[in-house]
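Please look over the model shown here.

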Amino acid sequence: MAESYCMHARPINDFIDETFEGIRAPFTAGFELTAKCNLNCIHCYAKPGRSHADMGTEEFKRIVDVLVERGLIDAYFTGGEIFTRTDFEELFLYIKRKGVLISLLSNITLLSEEHIRLFKEYPVEIISTTMYGYTEEAYERVTGVKGSYAKFMRALDLLKESQIPFELKYVAMKQNYDEIYKMREFGKQLGVPMVIILDVHPMSDGSTEPMSFRLTPQEAFEFDVKDEGRCNFWKDVAKDLLCGEMETIPQKTAERFRNGYLYPCSIANQHVFITSDYKMQGCVRASYRQFDLRKGTFDEGWEYLQREFVDKKSSGRYPCNTCQNIRFCEHCVANFKLAYDDEEQPDSFFCEVAAMRKKFVDQEIARLLQGK
Ligand SMILES: C[S@@+](CC[C@H](N)C(=O)[O-])C[C@H]1O[C@@H](n2cnc3c(N)ncnc32)[C@H](O)[C@@H]1O
Ligand code: SF4
Ligand code: SF4
């Protein structure tokens, strides 16, 4: 399934797919403004980057200029925590004035009245924030910082009052799983989109510690069938598959695999990620292959990423390219590489969840065929 950094990314990605099919250009980009953060979440993949020097204001402007020239339409800022950068407003206004659509990923605990005033004058597409727990106890069990829950809730009130578009994310882990349904309810009552992240992935340096906080595959699947929204999603998949409105293997994935490629997604094709130490990656997760923008030009880096990701072929032992469960899978080659130092080694968590989803959808199709 395609990855999106926030809800707003989906329509934009669809638009780019339809409008610029077959054109390789950085139409979308992620900018990690800093890996530093005022919180210290147990699962945070960005932790290994905390000690390096962040890209300078002028470095940021330079790469924005190049990306805009090469086709950038839509971007997101992430961290670490973006509001820890003292030049945040300058960076934000610079990219906004270039006409780029911009979304912000933030824990919002540092969101201020001044930020709200700024976003009222210069609108953001969406602020995508993460709520780490329903209760103070669970929230701070994840963030590791006393008082962070109160700051988060205050900022949430600011967002609600200001009517700035925002969405909530929730990373479901062992530490907060007991609150998953309360969280879902909270999101519904707030009336904002809510993304539940079930896949906790390795850190940017390949540490697999965060994976130990994952739910079991059974718990993850159980949420799929108990949650009304997710259950309806899989029921719709069953209907679409039955009517032939959806293929078992997504068309683009099938085509990439048929041609022997390893990466089925848009990595380094219509997307690029700029790290806080000024390196280019194919996407946020692919930290194992970077091009240093302090040592070469964007065009050299873009070529490097083409060779390393877009053109990279799989070997005969790669199981995902013949897998019939891929429609039900959060398949991510970057995840495999980080976790096992092997791009062709699937993560069994994905496989187990996908197999349970497939079974559920098959049963739903059988039920539909019987007219029940
Ligand atoms: C790195 S944070 C940056 C934005 C902001 N600081 C926040 O927490 O929302 C972006 C998103 O990635 C999530 N995240 C961090 N580490 C993760 C991991 N190991 N697996 C899955 N999601 C992770 C965060 O919880 C957050 O939703
Ligand atoms: S708030 Fe975001 S960046 Fe900060 S530690 Fe948590 S996940 Fe990482
Ligand atoms: S990760 Fe597992 S379920 Fe997913 S596509 Fe690969 S083999 Fe299939």
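In which kind of crossing, left-handed or right-handed, does helix 9 pass helix 13? The crossing is right-handed. The model behind this answer is predicted.

## Helix 9 against helix 13

Helix 9 covers residues 228–243, and helix 13 covers residues 348–369. The two pack at an angle of about 60 degrees. Their axes lie 9 Å apart. Angles of 65 to 115 degrees count as roughly perpendicular, and those under 35 degrees as roughly parallel. Helix 9 and helix 13 are therefore oblique to each other.

Helix 9 brings Trp-234, Lys-235, Val-237, Ala-238, Lys-239, Leu-241 and Leu-242 to the contact. From helix 13 come Arg-357, Phe-360, Val-361, Glu-364, Ile-365 and Leu-368. By class, this contact of helix 9 with helix 13 holds nine nonpolar residues and four charged ones. It has no polar residues.

## Around ligand 1

Ligand 1 is surrounded by 19 residues. The closest are Tyr-45, Leu-105, Thr-130, Val-200 and Pro-210.

The shell around ligand 1 divides into nine nonpolar, eight polar and two charged residues.

## Around ligand 2

Which residues surround ligand 2? They are Cys-37, Leu-39, Asn-40, Cys-41, Cys-44, Ala-46, Gly-79, Gly-80, Glu-81 and Asn-107. By class, the shell around ligand 2 has five nonpolar residues, four polar and one charged.

Note on methods: Residues are numbered from 1 along each chain as its sequence is written. Chains are lettered from A and ligands numbered from 1 in the order in which they are written. This is a predicted model: local features need pLDDT of at least 70, side-chain atom pairs count only at pLDDT 80 or more; totals for chains, interfaces and linings use all residues. A residue is near a molecule or strand if its C-beta atom, placed from the backbone, lies within 6 Å of it. Ala, Val, Leu, Ile, Met, Phe, Trp, Tyr, Cys and Pro count as nonpolar, Asp, Glu, Lys and Arg as charged, and the others, Gly among them, as polar. Axes are lines fitted to C-alpha atoms, for helices over the stretch in contact, and angles run from 0 to 180 degrees between N-to-C directions. Helices (H or I, at least four residues) and strands (E, at least two) are DSSP runs, numbered from the N terminus. Angles under 35 degrees count as roughly parallel, over 145 as roughly antiparallel, 65 to 115 as roughly perpendicular and the rest as oblique. A crossing is left-handed if the near helix is turned anticlockwise from the far one by less than a right angle, and right-handed if clockwise. Two residues are in contact if their C-beta atoms, placed from the backbone, lie within 7 Å.
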